[in-house]
Amino acid sequence: MKYIVTMIAALLLMAACGQSYEETKRINRENRREAMRRDSAALKIAVMPTLDCLPLYVARHHRLLDTLEGGVRLKYYTAQMDCDTALERGRVEGAVSDLVRASRMVRRGTKLRYATTTNAYWQLVSSRSARIRQLKQLDDKMIAMTRYSATDLLTDRVVDSVKLDGDRVFKVQVNDVLVRLLMLQNGEADAFWMTEPQATAARTQKNPVIADSRSMGVQLGVIVFREQEMRRQARGKQLALLMKAYDQACDSINKYGIGHYRRLISECCKMSEALADSLPRTLRFHHAEGPREQDLAAVEQWIKKGGM
């Protein structure tokens, strides 16, 4: 009798456990579906640890993006190529990029909408161990950059400006901006294109700046979105609200200064707060506006000359 009672109790326990397990699986399935639904509704933007993304980081920090139905999710990458792949494959609806990369994506079949330009600029920093102080000294040297990007166009510009043989200036593709900075610190190439805040990190380590995109008359930073997605009424509404929040974030940065957001910059750009304090205090962020015709024309001219 005792054996029978024990068996019945064991069977009841197993049945209860079985029901609990099935209930757990059902709840997990529902949670996954809900997470997928929320992710699908959210406006997803590919960002990098660079200062041209700061208005988006500030907007999220101040919860200015909470007004968007479905929300905004910033997807973090450390290489432009990964941002492009995410955008082209529909994993994100938007990305912080540049006009050269955007033009290439359009040519590859992804129609884009230019939401705004950014204040991104690039400096060509030579490794202090390479002893390069002038552009003409780049003959037979290696420049770390990203193919089919702003830095590719800028490399050709500096080479042409001092009439060097392009075949004797070697473009070394290093897509990850954090790896590029590490390579500079280790002296693994002769010169490196850097945007902020990596450019500041390079300068504080006493690496000479031998070129600056701001002196070349081009503004290449841009935030783009998939045109097909933005034609949907809900997405178009999200984008309009995003740009309003973007403008408010720019106003906040300009009012309180870069130093006010040192902790946020440190967190999002993977740098120390001390280094964030070394960023140029004169940096300003402008409201959302489309690219200039002269910059679009400069990219098209470069492509026609064989840049792609």
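The model is predicted, so local features need pLDDT of at least 70 and side-chain atom pairs count only at pLDDT 80 or more, while totals for chains, interfaces and linings use all residues. Residues are numbered from 1 along each chain as its sequence is written, and side-chain values use heavy atoms, with hydrogens and water left out.

The protein chain has 12 helices and 10 strands; helices (H or I, at least four residues) and strands (E, at least two) are DSSP runs numbered from the N terminus. Of its 308 residues, 48% count as buried, where buried means under 20% relative accessible area, exposed over 50% and partly exposed in between, with a 1.4 Å probe and protein chains only. A contact means heavy atoms within 4.5 Å. Among contacts in the protein chain between residues at least 6 apart in sequence, 81% join residues at least 24 apart.

Gly94 stands opposite Phe225 in S10, and Ala95 stands opposite Val224 in S10.

How many of the residues of S10 are buried? The count is six of its six residues. In a regular strand the side chains alternate between the two faces of the sheet. In S10 both faces are covered: Gly221, Ile223 and Phe225 are buried on one side, and Val222, Val224 and Arg226 are buried on the other.

The other open sheet to consider has five strands in the order S7-S6-S8-S5-S9, again with mixed pairing. Strand S7 (169–173) and strand S9 (209–212) are at the edges with a single partner strand each, so one side of each is left without a neighbour in the sheet. The twist here averages 25 degrees from one strand to the next. Strand S5 (residues 122–126) pairs with S9 in the antiparallel sense over three bridges, with Gln123 opposite Asp212 in S9. Helix H6 (residues 177–185) packs on this sheet, touching S5, strand S6 (141–145) and strand S8 (191–195), and the direction of H6 makes about 140 degrees with that of S8.

H6 also takes part in covering helix H10 (residues 262–269). The buried residues of H10 are Leu264, Ile265, Ser266, Cys268 and Cys269. What covers them includes helix H2 (54–61), strand S2 (72–76), H6, helix H7 (198–204) and helix H11 (273–276). H10 is followed by Lys270, which has a positive phi near 55 degrees. Lys270 also lies over the face of Tyr76, at 5.3 Å from the ring centre; a charge sits over a ring if NZ of Lys or CZ of Arg is within 6 Å of the ring centre and within 35 degrees of the ring normal. The charged end of Arg214 likewise sits over the ring of Tyr121, 3.6 Å from its centre.

Helix H9 (residues 233–256) has 24 residues and reaches 35 Å from its first C-alpha to its last, close to the 34 Å expected at 1.5 Å a residue; the expected span is 1.5 Å times one less than the number of residues. Just after H9, Gly257 takes a positive phi of about 90 degrees. Leu241 lies in H9 and counts as partly exposed because its relative accessibility is 26%. Leu241 touches Thr67 and Leu68, not counting residues up to four places away in sequence. The C-alpha atoms of Leu241 and Leu65 are separated by 8.0 Å, though these residues are 176 residues apart along the chain.

Key. Pairing = 2+ DSSP bridges. Axes fitted to C-alpha atoms, helices over the stretch in contact; angles between N-to-C directions.
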